[in-house]
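Keep the viewer open as you read.

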Amino acid sequence: MKSTKYSVKSAFGAAFKSVFRRQFPGAAVIAAICACLSVISAIIYCMNNGSPGYNDISGEVLIWGSFVLFAVSVYCAVSVGIMYNSYFSRRACDYHFAMPYKRSNIYNSNFLFGLLAIVFALLVSAASFALTVKIIETVYNNSHFTTINFTVQYAVILKPLLTLLAALLAGYSVCSMCAAAAGKWLQYAAFCFIGIISVPVMLIGIASRISDVWGFMADVFRFSSVTPVGVAAMIARGATDKMYVFMSVVSLAEFAAMYLAGLLTFKHRKAEIAENGQGGTLIKYILMIVFVISGFVYFSAEKNFLATAVTGVITAFACAALFSAGQVRRKKIFTKQTGIIFGVVTGVCLILTASVYLINSSSYVKYVPKADEVQSVTVAEYDSFSGYTNEPLWYIIELLNGEPTSSGEVTLDEPQNIQAVIDFHNRAVSDEVMNYTLKNKISETINNFSEATTVSTSNANDADGAVPTEEEITEAISCTIEYKLKNGGTVKRSYTINYDLWHEFLAAFKTQEAIMQQEPYSINTDEILYVEGTIYNYDQGSDDSYFTSYNTYIISPQEWADIRDVLVEDRINESDYDFRYGFDGAGYFTIYTLAADLPQEQKDLILSMTPRERYDFVAEYNTLLTADPEKYSVYPVEEASVNINNSDKKTVQLMQSPEMQNNLT
């Protein structure tokens, strides 16, 4: 039975009033909850920052705003289901569709009320937070001799909060579309899960699948940033201004698109959907396709195509069966339509996955340019403990954990340094390294690395029976190599390597060209105020050496340039272990530069001083900051440190030379 489409003109106002009367109590409750959350947050944040000189609560406001938006997003998901609850019951559905309202009036009334409820909750939250902060300021200033004025850097917090708001609107629109297509609460919950969670899982899975096989490190944050969940993760990770604009525009476009999709779906909705859960809506089938694909790519690529295909088919079948079973009220798992969708989608996924493996072969993964073809090469090392592995991925957890963070990046254009990178790259893709895992199945762990990522699961020295010493580097190498070719092209590959190639890898970094690109060596001497050097004095009489005292030197920028050259020479001659894990065994240098946001008057004052006067001024600055926080509100310098290892003999001798004694504090 099709429900009537009888309508009367100018019925939107009546439809909206009906929705308002039914849904306003829920909107009032979420507004009250957000208000309480805001008051509590304001009290906690102000108490922690309520002292002169520490009144900037921008970070706290950002955290508070994120929590409020999260609370409102939960309300949206639940309230939309409540709005459409009448359409999840056959009799109620018939009654409401028989009312003299256009389908568009019903949908638009629900949609508009939801938007107004969001705005109402956010305004109440902001007013409650601001009022609480103002009351705390007034009470404090009336009871103390000093005054506090809490400040917020709106330029810092508005970009992430407005982007999160756009993502919230996109999520709300998705929920409305899902409610328009669903026939019961279980379906609505499943549709929302697919629309909000399975879409980023699908995107991340596709990106990771290609990355695992082809050997490039895809930025999963960027892949998922077109979804509300991805926006939140990208902001937590840290986004650029361009990314904020991109995510906001995409979220608002999704908001409009999902609204139109929901409206069209609701206008063609049949009352029978509420009875048996079946319905031929395009939205339902699209959601099933997304769910099946996300299941197929949920686990990362295995060592070979067969293992990947079997795993993908099993998980895709589980997702298809769950989805199909939730659509009907009978024991039959698949209908004709859902069975066809599962078969077609799984077949397409198998074909695409096979093409990834076939296209890959050695022509892609093992390709290394010739030295005379390369103009420059950039090598970036990544934190091997940051979660970028080819284990079966729990994508959302991996997403929130974050992508690998770069721990070093150099661009080399000197021929001998380019050749060092090419030598490492050739070793990384050699049969010896790539087949090592196959020869050591007994020691294989849960890591199932792909061929392109060229890994083994134990150190090469372990295979020879040697006992690792504390001087060996046993962690994995995670890196990206990008060649800029003389013909204008680029070649980029990424690898996670557990085979011992550290000597070849560090050869690219243990050069003067590479070291001088790293802070603090790369800091221009014209930007340096002074350098503080600390050299430890060791007790040579004991069996276990330990420092009993230390000397501190104040070094001018000109003197630092000479010392830096000696230190770079020492670093090149260090062992790989010391170079990798260098600690302050002999001492350290701290390079001081002007803080960017320091008032110009104080910048001029500091620049007119000698290095030692600058040192004394900075040492006394905490006292000045406490005594006059209005004038001295910004710490005047920024610091960068470099360690001196025990093997850096020339540097230690230079610091202990007679000519350096005049620099002692």
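## A helix pair

At roughly what angle do the axes of helix H5 and helix H9 cross? The answer is roughly 20°, with the axes of H5 (residues 154-181) and H9 (residues 241-267) coming within 8 Å. Axes here are lines fitted to C-alpha atoms, for helices over the stretch in contact, and angles run from 0 to 180 degrees between N-to-C directions. H5 and H9 are therefore roughly parallel to each other (angles under 35 degrees count as such).

On its own, H5 has 28 residues and spans 40 Å from first C-alpha to last, close to the 40 Å expected at 1.5 Å a residue (that is, 1.5 Å times one less than the number of residues). Of those 28 residues, 21 are buried, so H5 is largely enclosed by the rest of the structure; buried means under 20% relative accessible area, exposed over 50%, with a 1.4 Å probe and protein chains only.

## The ground rules

This is a predicted model: local features need pLDDT of at least 70, side-chain atom pairs count only at pLDDT 80 or more, and totals for chains, interfaces and linings use all residues. Residues are numbered from 1 along each chain as its sequence is written, and side-chain values use heavy atoms, leaving out hydrogens and water.

## The whole chain

The chain has 26 helices and eight strands, which are DSSP runs numbered from the N terminus (helices H or I, at least four residues; strands E, at least two). Of its 665 residues, 50% count as buried.

## A loop residue

Alanine 596 sits in the loop between strand E7 (587-594) and helix H23 (600-607). Alanine 596 is exposed, at 62% relative accessible area.

Methods
Parallel < 35°, antiparallel > 145°, perpendicular 65-115°, else oblique.
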